[in-house]
Amino acid sequence: MKTLVVQHPLIAAKVTELRDINTTMPRFQALATELVTLLAFEATKNLAVVDTKVVTPVAPTSGKKLAEPIPLIVPILRAGLGMLSGLQQLLPDAEVGFLGVVRNEETLKPAIYADRMPNRLDGRTIFLLDPMLATGGSLISAIEIMLERGAKKVVAITLISAPEGVAAVEQKFANSDVMVVTSALDEKLNEHGYIVPGLGDAGDRLFGAC
Ligand code: PRP
Ligand code: URA
């Protein structure tokens, strides 16, 4: 298990704009997309490739292509959907599974309400997308499902993470091939389980309060 907080001037500037209470919904969506593409540079670093041949207009040469099976992308509904197109731009051949997880705002416990995923994930690398890692309950339940179905490796990409959530995920998956790649590690959770300073409710900011 490894956690990587990606340090980069563009990421820092975009996260700051994302946090801003005055950032509009369309701008928030654009920033989430841009951030996931920047984080993907690190998150996809260890993807397996195989040798291939290519013919340029000048000469034949050798190169690389992604090894099969191509990774599976799984946005955690609903807020993770706001990160999907950013990663799909980089992995256009990746299949997409959907997992609906909602946190009970009183108990802070996650509940799975949608599962549109392959039954078996043997040998596959999974990219889980969720902007917020707060208590860690939602991400832990999602990672458990991936590993139970045989996933070889799980890489979770988050935009804002709380130390409490990172610690919970690290403890739970200490001996598993799990990685969290995040653009910000914040200060703490407040008494309502919200990340401080955070950005508020990511789902609401992406799609509206409903
Ligand atoms: C948010 C967020 C995470 C979860 C994080 O989703 O997108 O999935 O909370 O909290 P946790 O780490 O304490 O589990 P929410 O349950 O609000 O659902 P939504 O995406 O439908 O808004
Ligand atoms: N979910 C959110 O959307 N934001 C938080 O700060 C915590 C959980």
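**Figure 1. Surface and overall form of the predicted protein chain.** The protein chain exposes about 10700 Å², of which carbon and sulfur atoms supply 55%. In this predicted model, buried residues make up 46% of the 210 residues, and the mean positions of the 20 positive and 23 negative charges lie 6 Å apart. The chain is built with six helices and 14 strands. Its radius of gyration is 17 Å, close to the 17 Å that the globule rule gives for 210 residues, so the chain is as compact as a globular protein of that length. Along the principal axes, the C-alpha trace spans about 60 × 35 × 30 Å. Among contacts between residues at least 6 apart in sequence, 70% join residues at least 24 apart.

**Figure 2. The largest nonpolar core and the elements that supply it.** This core holds 38 residues, and L87, F127, I157, L159 and I160 are the ones that touch the most other members. Two or more residues come from each of helix 1 (9-19), helix 2 (25-43), helix 3 (84-90), strand 8 (125-129), strand 10 (153-158), strand 12 (178-182) and helix 6 (202-207), with helix 2 giving the most, at eight residues. In soluble globular proteins, nonpolar side chains tend to be buried together.

Figure 3. Leaving aside neighbours within four places in sequence, I160 is in contact with V15, R19, P131, M132, L133, T182, A184, D186, I195, G198 and L199. A second, separate core has 24 residues, including V101, L121, L128 and M146.

**Figure 4. P26 in helix 2.** P26 belongs to helix 2 and, because its relative accessible area is 56%, against a cut-off of over 50%, it counts as exposed. Between P26 and A111, which are 85 residues apart in sequence, the C-alpha to C-alpha distance is 28 Å.

Figure 5. The bond from E68 to P69 is cis, with omega near -5 degrees, and P69 is placed in the loop between strand 3 (60-66) and strand 4 (72-77). The bond from V196 to P197 is also cis, with omega near 0 degrees, and P197 sits in the loop between strand 14 (195-196) and helix 6.

**Figure 6. Backbone of L108.** In the loop between strand 6 (98-103) and strand 7 (110-116), where L108 is found, this residue has a phi near 65 degrees, a positive value in a residue other than glycine. Most residues other than glycine have a negative phi, and most peptide bonds are trans.

Terms used:
Residues numbered from 1 in each chain as written. Chains lettered and ligands numbered in written order. Predicted model: local features only at pLDDT ≥ 70, side-chain atom pairs only at ≥ 80, totals over all residues. Heavy atoms only, no water. Helix = DSSP H or I, 4+ residues; strand = E, 2+ residues; numbered from the N terminus. Rg over C-alpha atoms; globule rule 2.2 N^0.38 Å. Buried < 20%, exposed > 50% of the residue type's maximum accessible area, 1.4 Å probe, protein only. Contact = heavy atoms within 4.5 Å. Areas by Shrake-Rupley, 256 points an atom, 1.4 Å probe, with all protein chains shown as cover. Lys, Arg positive; Asp, Glu negative; His and termini not counted. Charge placed at Lys NZ, Arg CZ, Asp CG, Glu CD. Core = buried A, V, L, I, M, F, W, Y, C linked by side-chain atoms within 4.5 Å.
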